[in-house]
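Subject: Structure for your review

Dear colleague,

Please find the sequence and the structure below. My notes on what was found follow directly after them.

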Amino acid sequence: MSALSERPESPGVGAPVPHESATLHVTGTALYTDDLIYRTKDVLHAHPVQVPQAHARVTALRIAPALRVPGVVRVLTAADVPGVNDAGVKHDEPLFPDEVMFFGHAVCWVLAETFEAARLGAAAVEVEAEPLPSYVTVREAIAAGSFQGASPQLVRGDVEAGLADAGHVFSGELEFAGQEHFYLETHCALAHVDEAGQIFVQSSTQHPSETQEIVAHVLGRASHEVTVQCLRMGGGFGGKEMQPHGFAAIAALGATLTGRPVRVRLTRAQDLTMSGKRHGFLVHWRVGFDAAGRLQALEATLTADGGWSLDLSEPVLARALCHVDNAYWLPHVRLNGRIVRTHKTSSTAFRGFGGPQGMMVIEDILGRCAPLLGIDPMDLRRRNFYRVGQTTPYGQVVRHPDRLDRLWRQVLDTGDVITRQREIAAFNTAHPHTKRGLAVTPVKFGISFNLTAFNQAGALVHVYRDGSVLINHGGTEMGQGLHTKMLQVAATTLGIPLRRVRLAPTRTDKVPNTSATAASCGADLNGGAVRHACEQIRVRLAPVAATMLGTSAADVRIVDGVARGIGAAAGIEWDELVRAAYFQRVQLFAAGFYRTEGLHWDSSVMQGSPFKYFAYGVAAAEVEVDGFTGAHRTRRVDIAHDVGDSLSPLIDIGQIEGGFVQGAGWLTLEDLRWDTGPGAARGRLHTQAASTYKLPSFSEMPEIFNVMLLTDAAEDQVVYGSKAVGEPPLMLAFSVREALRQATAAFGTASTSVDLASPATPEAVFWAIERARAGDGRGGAAGADLRPGVETPAMPPDLGRIDPAVSRA
């Protein structure tokens, strides 16, 4: 084990401690950005002026009527921007656009004494706009040639030769929807300017440094004139990685122009209609298997719905291509990626960042092809697992593939899967109108930012004369428990009790140039930086302790707040040691830095080793489906997950449970619906409230939910041997979708191949059952929705049908 991975005696990491803000959360005393307005005097409230057209050119903007509304102070327009009128890192997101690019696009903002006055003022603004052609669906955009960004290709081997040599070749299509983040706290920012002209922005952001950068260039200022702080977020899930910047810029611009604090806080409807979502994809594929069911070749074209601007679509697409393989060896691969521009809110980061979409391709293929090959889906998956020495299609060696086998066996054994399969078969035989299904699926997810430069972090640690410790790092807290883990890392490295350490909010004037808290790297990066800072302080204290103990500095150990020489009984209390160090003029603060080593990536050829390691997991899910309605419930879930040597087991188990449920929501419940008709409401998001957008709730939780952490799995060259846990568990929910596929197939014959829509809502499952009963191999591919003007996964009659173009038994 490397020094970074080794744990000292009596470590604070690994202890099952509660979330550091748990008590504040459950008592309602935790402060979020919008709570700060009640502690701020003379706050102005901002409200957007949204244009109800999918695509239009603004021909007139009259703000005078708004200024006559009582309480309205100012209307912000493009003319007020002293710097750059853009809120995106790709410079394609005008803060005040003259071309409306999606239904509800804001063209100006009203500032008023109260939120209601701002709302009335926004309603009074007169906007004239000339309609322009719009593309709401991926298929419309493809037909119109509406593409944006790069079109990467990932290639290994000779796909045509692999398909020609394959014993069985199938082709098909897959279309699946995006997902709304639906964090509890909507986008929010509060800005004010001090007497020196310094701009201070409180923002609900996963990326304070980038928010700082965007605010600065909108205002025409240097970054050192802008400070951004993130107290905490009420959820983020990737939706606050890029999207908060514009809202923070509006607040900062208003504050600089009026000299008063300005608050931007979106209503739920505004947040749903103005902010980005998970990328939906349309996929065309061909796949070849040998006679034993082993994958030989895969060709696929993945078309991502980028929405109106590029945002993070290029790296999302790259990660999707890098995760099409999931846990499976693919000898010959050709993957093509492209991004369409549609007139909808911009697609953005979402937990998994393209990984779930890429894995969906191969999991769907295996689920659909297994019955046609006459192989049990569980067996088909396992026989295609990566083995030692094999590499991904992009050339990275797959380390520890044996962990997949360990996890698989653990789930099958502890979940009694084989016995339950027999019980399910008996149940299905006895119940013609209700069927059950059980599926087991794996996850292999790469950890690190694809862009190597982002894999760095900083931290600042202060030890005060009384022995108390304050840490500050570049990561943000959105409920995932990052701060809890950083407290444990600091306590472990310094060798002191957890209660002696406190954590300060994330802000750019303490730790600069930070990367987003994303890509599941928060603990790896910031933990490495916190440890580095604490190690510097510990090294400085060792000679002080050695002198007091009469021993060598190399023999000093600090454990549970007491410094001792090796083998000695007598020791010095931490507080006494710190006081002595102060009077000896020893520096008691340190800046830490960490960069992930061993990464390299060439995006031009999609080759390299972009990930520090892979996180593994396996899930078994059992579902029950009603043949009359398509309604389904998840009866039981068993998960075994690899988190390395856990920094904080309670936090990690919570992340696994939450990620799994969020994934199940994406795959079975959360159905984004846009108006695709030709009328005035074209492009309008229909599902813009919790009443129309169904989220997972207690009723969707598995009746039995078992989560196990893989033991003896410490990861070398990672802080204290741990592994990331934020994103990988989401993809364990493929087990639910595959169990639904098997339950649906049970309404047909043994060889029924079910093409299941995504999300697999009860409606979609019902139509799949009807097709299975009728013997149609598509199994109700589209979950056809006949409501006019509503986008559905509906496809032409032959779409989604697996075409056994070549079948050599």
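I begin with the strand pairing around S15. Strand S7 (residues 153–156) and strand S15 (residues 332–340) run antiparallel and are joined by 4 bridges; within this pair, Val-155 stands opposite Arg-334. Strand S14 (residues 295–305) runs parallel to S15, with 9 bridges between them, and here Ala-297 stands opposite His-332. Strands (E, at least two residues) and helices (H or I, at least four residues) are DSSP runs numbered from the N terminus, and two strands are taken to pair if DSSP finds at least two bridges between them.

Please note that this is a predicted model, in which local features need pLDDT of at least 70 and side-chain atom pairs count only at pLDDT 80 or more, while totals for chains, interfaces and linings use all residues. Residues are numbered from 1 along each chain as its sequence is written, and side-chain values use heavy atoms, with hydrogens and water left out.

Another open sheet has 3 strands, ordered S4-S2-S6, and its pairing is antiparallel. S4 (99–100) and S6 (126–131) are the edge strands, each of them pairing on one side only. S2 (residues 56–62) pairs with S4 over 2 bridges in the antiparallel sense, and Ala-56 has Val-100 as its bridge partner in S4.

I turn next to the domains. The protein chain is divided into domain 1 (22–29 + 456–595) and domain 2 (401–442 + 615–746), with bounds that come from an automatic or database domain assignment. Their C-alpha centres lie 37 Å apart. Across the boundary, 17 residues of domain 1 are in contact with 15 residues of domain 2, contact meaning heavy atoms within 4.5 Å.

How much area do domain 1 and domain 2 bury between them? The value is about 1,200 Å², 55% of it on carbon and sulfur atoms; buried area is the accessible area (1.4 Å probe) that two parts lose on being put together, summed over both. In domain 1, Lys-485, Ser-520 and Asp-524 lose the most area to domain 2, together 43% of what that side buries.

Lys-485 also forms a salt bridge with Asp-652, the closest N and O atoms being 2.6 Å apart. The count of salt bridges between the two domains is 1, where the term requires a side-chain nitrogen of Lys or Arg within 4 Å of a carboxyl oxygen of Asp or Glu. On the side of domain 1 that touches domain 2, helix H14 (482–494) and helix H15 (522–549) each supply at least two residues. H14 gives the largest share of that side, 6 residues.

Finally, two local backbone features. A cis peptide bond joins Ser-758 and Pro-759, with omega about 10 degrees; Pro-759 is found in the loop between helix H18 (734–745) and helix H19 (762–774). Asp-712, a residue other than glycine, has a positive phi near 50 degrees and is placed in the loop between strand S29 (704–709) and H18.

With kind regards
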